[in-house]
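I opened my notebook to look at a ligand and its surroundings, and then at a strand. Come along and follow the entries with the structure beside you.

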Amino acid sequence: MAAHGRVFNFSAGPAMLPLEVLEQTQRDTLNFNGSGMSVMEMSHRSKAFEGIIKQAEADLRTLLSIPDNYKVLFVQGGASTQFAAIPLNFTQEGDTVDYIVTGAWSKKAYEEAAKFGLNANVVAKGDNKSVPARDSWKLSPGAKYVHYCDNETIGGVEFQGAPDVGDVPLIADMSSNFLSKPVDVSKYAMIYAGAQKNVGPSGVVIAIVREDLLGKARPSCPTMLNYAIAAENGSMYNTPPCWPIYVCGLVFQHLLKLGGLAGARERNVKKAQLLYDTIAGSNGFYFSPVEESVRSKMNVPFTIPSKPELEKAFVAEATAAQLLELKGHRSVGGMRASIYNAMPHEGVEALTKFMTEFQAKNA
Ligand code: PMP
């Protein structure tokens with residue numbers, strides 16, 4: 001049994017956090033840094049919390065080399081709330097906006113935007129297994145922004161870099177691959193990510209927004225969804241999710257210690273390679289439905305195409321072997337292994353060993 005009786009948790013989110021970070025939260029629980037209280041009990045207006053949020057922002061800026069003309073915001077409501085906040089902040093009624101749809105999450109983002117009196121267009125639509133060829137995209141002249149999802153958590157389709165959309169502001173949902181690799185922030189108007197996959201607990205969303213886009217929200221935009229108001233108030237217009245922000249800060253420090261995002265990418269590429277190689281080397285027993293060039297390094301769906309009836313047994317036996325949460329999303333079935341930053345290499349080794357043994361028993 002692993003330390004503390006912990007398992008390898010392949011959940012799509014909330015997901016594993018680094019053990020070192022969890023142990024730090026444990027040490028801080030009763031008395032954070034001599035304050036005599038837990039971060040859970042602390043006024044968000046206190047000096048101690050001010051230090052936490054400022055340090056978290058500074059470390060995130062270092063990790064991603066965020067240019068000075070971008071605001072870093074800690075906001076609420078999950079990534080799903082940003083699906084509505086984005087059109088409310090960056091458009092007026094009647095404006096044109098473009099959505100690239102490569103899976104369930106970008107589709108949801110589009111459907112939410114379509115509620116706000118916009119000329120909202122799906123300018124490219126994938127089949128949940130690939131990214132449509134760039135020359136097939138029908139970008140709209142004069143669009144206020146192009147929105148896409150950098151990593152589709154359910155289908156496992158990941159862009160391999162910022163898509164080229166010319167001069168139109170580019171907005172990315174990076175909920176499930178944020179901080180998994182270096183990203184050139186300057187290519188984006190906005191990047192946002194729910195924390196609960198690569199970064200921390202649920203309850204906080206990190207938004208990185210280029211300053212010149214702020215201050216143009218609709219008059220009807222709710223105060224709590226207005227990014228300019230969040231920016232003016234240092235993400236503290238109201239009580240922020242203090243404890244999740246503190247844990248995110250610990251994760252940022254942990255990543256910096258381990259070589260920043262280049263280090264994270266290197267570890268993630270190795271883990272994903274091992275898993276995809278195991279699938280490819282299974283003589284077709286296991287199958288990855290995603291086109292090779294866009295396979296996600298974070299979420300790896302796979303099936304047992306010749307004997308789908310075995311998939312249930314696979315998940316049950318894996319669970320018994322301390323490999324948890326491998327059941328595919330309810331909308332697609334099969335299996336899915338989410339192998340975010342905090343999944344150790346040994347976790348993927350244990351999974352691939354299990355896969356090989358399961359195949360030997362059942363092929
Ligand atoms: N976008 C992506 C890519 C996601 O994976 C998720 C959550 N699984 C969401 C958005 C929605 O996030 P939340 O639950 O924080 O609203």
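**Entry 1: around the ligand**

I looked up the ligand's neighbours and found 13 residues surrounding it, the closest being Ser80, Thr153, Asp173, Gln196 and Lys197 (near means that a heavy atom lies within 4 Å). I noted that this is a predicted model, where local features need pLDDT of at least 70, side-chain atom pairs need 80 or more, and totals for chains, interfaces and linings use all residues. Residues are numbered from 1 along each chain as its sequence is written, and side-chain values use heavy atoms, without hydrogens and water.

By class, I listed four nonpolar, seven polar and two charged residues in the shell; Gly counts as polar here. Helix H3 (residues 78-90) gives the largest share of the shell, four residues. Helices are DSSP runs (H or I) of at least four residues, and strands (E) of at least two.

**Entry 2: polar contacts**

Next I checked polar contacts (N or O pairs within 3.5 Å). A side-chain N or O atom of Ser80 is 2.6 Å from a ligand oxygen. Alone, the ligand exposes 390 Å², and the protein buries 85% of that (Shrake-Rupley method, 1.4 Å probe).

**Entry 3: strand S5**

Are the side chains of S5 (residues 146-149) buried or exposed? I found Val146 and Tyr148 on one side, His147 and Cys149 on the other, all buried (under 20% relative accessible area, 1.4 Å probe, protein chains only). In a regular strand, side chains alternate between the two faces of the sheet.

I then looked up partners (pairing takes at least two DSSP bridges). S5 runs parallel to S3 (residues 96-101), with two bridges, and parallel to S8 (residues 170-173), with four. His147 stands opposite Tyr99 and has Ile171 as its bridge partner in S8.

Terms used
Polar contact = N/O pair within 3.5 Å; in protein donor to acceptor, adjacent residues only side chain to side chain. Buried < 20%, exposed > 50% of the residue type's maximum accessible area, 1.4 Å probe, protein only.
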